[in-house]
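Below is a short report on charge pairs, helix packing and backbone geometry. Start with the sequence and the coordinates.

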Amino acid sequence: METWKDEVLEQSFVNIDLIEKLISNENMPSDEEFNKVMEKAGLGKDTLTLEEVAVLLNSSQKERVERIFETAKEIKERVYGHRVVLFAPLYLGNKCMNLCTYCGFKATNTEIDRLTLDLDQIDAEVNTLIGQGHKRLILVYGTHPDYTAEYIAKTVKKTYTVKGENGEIRRVNINAAPMSVEDFKKIGDSGIGTYQIFQETYHEPTYNRVHPKGEKANFKWRLFGLDRAMEAGIDDVGIGALFGLYNWKFEVLGLMSHVRHLEERYGVGPHTISFPRLTEATGIVRHEDYRVKDDELKRIIAILRLAVPYTGLILTARESAKMRRECMDLGVSQIDAGTQIELQGYTKKEKEQDLAREQFTIGDSRSLLEVMQDLMENGFVPSFCTACYRLGRTGEHFMEFSKPGFIHNFCSPNAYLTLAEYLEDYAEEETRETGYKLIKKEVETAPLDERVKKDVIEKLEKIKNGERDLYF
């Protein structure tokens with residue numbers, strides 16, 4: 001393992017003492033402090049400081065929480081419109097050398113079946129996903145010597161080569177172990193989108209306790225993993241914490257410490273933030289002391305939307321359909337749909353969960369079509385857009401577009417076009433009617449430039465006439 005810029009000696013950017021002080025019961029904000037932070041947050045332009053986020057975290061009064069929720073809804077609509085980006089996770093290997101106490105994949109769990117997909121098995125899984133209508137995948141790997149940078153790059157390239165009856169996967173993201181700069185370059189050259197590394201918990205003593213052995217036991221190697229990705233030229237990265245291992249307020253400020261570190265060092269923050277809650281799995285140690293309640297998760301989402309308005313917020317199928325529906329307005333901009341986390345789960349006929357082959361319990365097992373219908377009936381536009389990646393609007397360039405709100409003339413139109421593709425290629429008549437009615441309403445009411453609106457209408461007609469992969 002390389003020491004990259006002597007980072008093992010570099011001081012952690014997570015200041016435990018400061019964070020604990022900021023979230024202490026003695027640090028209750030006044031009305032003046034709360035109002036000042038909310039006025040800044042309401043602009044939806046700049047990342048909040050740790051101190052400002054702490055003011056929101058420490059404001060548990062009903063009227064303050066309601067104001068946070070309402071402002072989060074306003075910013076979500078202003079920055080992202082009504083669109084919700086859809087993707088599917090594809091697990092390629094569950095071998096693992098780590099002993100994470102909370103994970104079903106840990107090395108000592110003899111109850112789980114171990115498997116690594118070969119290229120033919122990957123072909124079958126990806127073909128199935130394309131057949132359902134997916135265009136965006138995130139490939140997930142355990143931490144094991146078999147999952148080298150070369151293997152990951154090979155599987156990414158294979159995924160892109162699979163051609164289905166109605167197209168192909170247009171963007172592949174990665175969730176895998178931290179790599180060296182050299183290995184990140186190999187993976188980056190395969191054409192990936194976002195590289196995700198979840199720190200799990202930013203509280204180092206807790207981290208050390210729940211990661212007793214394996215490569216993942218090195219807190220700083222993981223903490224600075226995305227720095228190495230950035231140095232390797234991967235400017236599109238995702239962060240996350242597993243809520244339920246430690247105090248949820250601490251983890252929010254840990255995530256914010258990571259956001260500000262990336263902004264200050266590289267001029268660009270994370271493209272996405274994820275906030276999964278700890279769920280059941282085989283052979284795990286339960287962590288009941290820090291269980292995050294539903295109302296607390298909603299506060300986490302709303303506060304993150306205020307704190308980092310330009311960043312995508314991902315709410316996974318760990319949550320129930322009901323919970324995901326309730327959280328959509330508060331700031332969530334990406335969700336997985338039709339999710340199977342079992343190895344070879346998409347080609348399996350039986351869709352019931354088999355925890356002997358899976359990492360954790362999922363709460364939303366609906367099909368992609370069911371999720372899309374639910375979104376559309378509630379006024380959200382399902383999006384499979386990948387244009388920003390393919391046109392170089394990533395990293396700092398994405399920030400330039402998204403912060404001023406110009407994204408309305410790119411992402412919203414692209415959402416309409418990718419939804420139209422789905423309606424033409426996969427939907428039954430009732431769903432097609434619902435979808436086009438929603439698109440018509442959006443085009444008429446969204447804050448689009450007149451030129452863009454005209455182009456959208458023209459491109460929609462081209463899609464109805466058989467053209468595909470049109471975007472702004």
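## Salt bridges

K348 and E342 join their side chains in a salt bridge, at 2.7 Å from N to O. E342 has a relative accessibility of 5%, so it counts as buried. The model is a predicted one. The salt bridges in it number 31. Side chains of opposite charge can pair when their charged atoms come close.

R366 bridges to D364, and the closest N and O atoms lie 2.8 Å apart. Both R366 and D364 are buried. Another bridge pairs D425 with R468, at 2.7 Å from N to O. D425 has a relative accessible area of 22%, which makes it partly exposed. R468 is partly exposed as well, at 28%. Shared partners also build a network of salt bridges: R324, R325, D336, D364, R366 and D374 all belong to it.

## Where α14 meets α18

Two packed helices are described by the angle between their axes and the distance between the axes. Helix α14 covers residues 368–377, and helix α18 covers residues 429–445. Their axes approach within 10 Å and cross at roughly 40°. The crossing of α14 past α18 is left-handed.

Which residues make the contact? On α14 they are L369, Q373 and M376. On α18 they are T431, T434, G435 and L438. Sorted by class, the contact has 3 nonpolar residues, 4 polar residues and no charged ones.

## G435 in α18

G435 belongs to helix α18. Is G435 buried or exposed? Its relative accessibility is 0%, so G435 counts as buried. Leaving aside residues up to four places away in sequence, G435 touches M376, L419 and L423. M376 is one of the α14 residues in the contact with α18.

## An enclosed helix: α3

Helix α3 spans residues 50–57. Of its 8 residues, 7 are buried, so the rest of the structure largely encloses α3. The buried residues are L50, E52, V53, A54, V55, L56 and L57.

What do these buried residues pack against? Their partners are α1 (16–22), α2 (31–41), α4 (62–80), α11 (248–266) and α12 (294–307).

E200 has a phi near 75°, a positive value in a residue other than glycine. E200 lies in strand β6 (residues 195–200). Its relative accessible area is 9%, so E200 is buried.

D469 also has a positive phi, of about 60°, although it is not a glycine. D469 is found in the segment after α19. With a relative accessible area of 25%, D469 is partly exposed.

Technical notes
Residues numbered from 1 in each chain as written. Predicted model: local features only at pLDDT ≥ 70, side-chain atom pairs only at ≥ 80, totals over all residues. Heavy atoms only, no water. Axes fitted to C-alpha atoms, helices over the stretch in contact; angles between N-to-C directions. Helix = DSSP H or I, 4+ residues; strand = E, 2+ residues; numbered from the N terminus. Left-handed = near helix turned anticlockwise from the far one by under 90°. Contact = heavy atoms within 4.5 Å. Nonpolar A, V, L, I, M, F, W, Y, C, P; charged D, E, K, R; others polar. Salt bridge = Lys/Arg side-chain N within 4 Å of Asp/Glu carboxyl O. Buried < 20%, exposed > 50% of the residue type's maximum accessible area, 1.4 Å probe, protein only.
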